[in-house]
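Subject: Handing over the structure

Hi there,

Here is the structure I promised to pass on to you. Have a look at it first, and then read on for what turned up in it.

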Amino acid sequence: MAKLHIKPQGTSGKVHDITPQSADWGYVGFALHRLEPGDSVSEHTGDREIILVLVEGKAAISGAGQDFGELGERMSVLERSKPRCVYIPNGQDWSATATTRCELAVCSAPGKGNYPAQRISDIGFEERGKGANTRFIHPIAMEERDIADSLLVTEVFTPQGNWSSYPPHRHDEDNFPDMTYLEETYYHRLNPEQGYGIQRVFTEDGSLDETMAVSNGDVVLVPKGHHPCGSPYGYEMYYLNVMAGPLRKWRFKNHPDHDWIAKRDANS
């Protein structure tokens with residue numbers, strides 16, 4: 001199994017480049033570019049669809065023969081405002097030129113060419129959980145939005161001292177409608193940046209059980225199992241999730257030992 005805790009490679013340029021081959025799985029890819037004003041990146045999508053997420057900063061983006069202009073409003077991801085995002089199908093070229101210092105995430109999965117290139121607008125907002133399990137969600141491209149063949153993308157803001165992706169849950173069986181098999185990446189940011197978060201990835205049979213202290217800019221791979229994370233007092237946590245599998249549906253099951261928490265909250 002591939003290493004689950006991935007540190008950024010350097011401080012500028014393409015600092016993350018996670019592929020199905022490097023992750024030893026079949027679907028999800030994640031790359032992150034840290035660009036200075038005037039820096040450009042261009043690629044061909046090949047057999048994969050992508051969603052470009054301006055994590056922070058501004059860039060001029062084009063793809064599949066369309067010029068989307070300068071995108072981006074939040075200069076820090078921890079402003080909690082909504083991101084600017086673009087979908088590009090498989091078999092197309094795309095490019096981005098930074099107009100300010102920026103972070104550009106490239107989320108990818110197998111594409112089938114069913115959807116056109118488009119700017120992703122009208123991103124929603126959700127508050128999820130209760131008490132120290134409260135977090136705030138921007139569902140960029142979840143299944144209720146019919147805009148991609150495989151990709152599911154969302155971002156989450158977890159206040160200091162709170163837990164997220166909790167109660168522990170898993171989506172590692174291709175058994176719809178009870179559960180779907182979805183690989184997943186977590187790109188973490190912390191505020192202040194010297195902070196850390198905790199993420200555990202574990203299976204019920206104990207064959208996988210890793211607990212990681214994640215720093216600002218780290219990525220965690222979730223090939224299977226439960227995957228809760230927590231943010232210590234004094235530090236906010238942000239993460240960008242990319243999920244994909246054989247079916248573009250998000251169906252999961254909570255850990256049987258901890259499902260009582262979700263049931264209690266639902267009935268309170």
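Leaving aside neighbours within four places in sequence, Thr-100 is in contact (heavy atoms within 4.5 Å) with Leu-35, Glu-36, Pro-37, Gly-57, Lys-58 and Met-75. You will find Thr-100 in the loop between β9 (93-98) and β10 (102-110). Strands, like helices, are DSSP runs numbered from the N terminus, with at least two residues (E) for a strand and at least four (H or I) for a helix. Thr-100 has a relative accessible area of 19% and is therefore buried; buried means under 20%, exposed over 50%, and partly exposed in between, with a 1.4 Å probe and protein chains only.

Before going further, please keep in mind that this is a predicted model, where local features need pLDDT of at least 70, side-chain atom pairs count only at pLDDT 80 or more, and totals for chains, interfaces and linings use all residues. Residues are numbered from 1 along each chain as its sequence is written, and side-chain values use heavy atoms, leaving out hydrogens and water.

Next, Gln-118, which belongs to strand β11 (residues 118-120). At 22% relative accessibility, Gln-118 counts as partly exposed.

Now to the interior. A nonpolar core is a set of buried Ala, Val, Leu, Ile, Met, Phe, Trp, Tyr and Cys residues joined through side-chain atoms within 4.5 Å. The largest one has 50 residues, and Val-55 and Leu-240 are among those with the most contacts inside it. Strand β22 gives the most to this core, with 6 residues. Apart from it lies another core of 19 residues, including Ile-50 and Phe-68. As for Val-55, its contacts beyond four places in sequence include Leu-32, Ala-105, Tyr-238 and Leu-240.

What about the aromatic rings? Rings of Phe, Tyr and Trp (its six-membered ring) pair if their centres lie within 6.5 Å; planes under 30 degrees apart count as stacked, over 60 as edge-to-face and the rest as tilted. By this rule the count comes to 7 aromatic pairs. One of them is tilted: Tyr-186 and Tyr-239, 4.7 Å centre to centre with 45° between the planes. Tyr-186 lies in strand β17 (residues 183-191) and Tyr-239 in strand β22 (residues 236-244), so this pair ties together parts that are 53 residues apart in sequence. Tyr-186 is buried at 1% relative accessibility, and Tyr-239 is buried at 2%.

Finally, the cysteines. How many disulfides does the structure hold? The count is 0, taking a disulfide as a pair of cysteine sulfur atoms within 2.5 Å. For Cys-107, the nearest cysteine sulfur, that of Cys-85, is 7.9 Å away. The sulfur of Cys-229 has its closest cysteine sulfur in Cys-107, at 17 Å, which is too far for a bond. Cys-107 is buried at 0% relative accessibility, and Cys-229 is likewise buried at 0%.

Enjoy exploring it!

Best wishes
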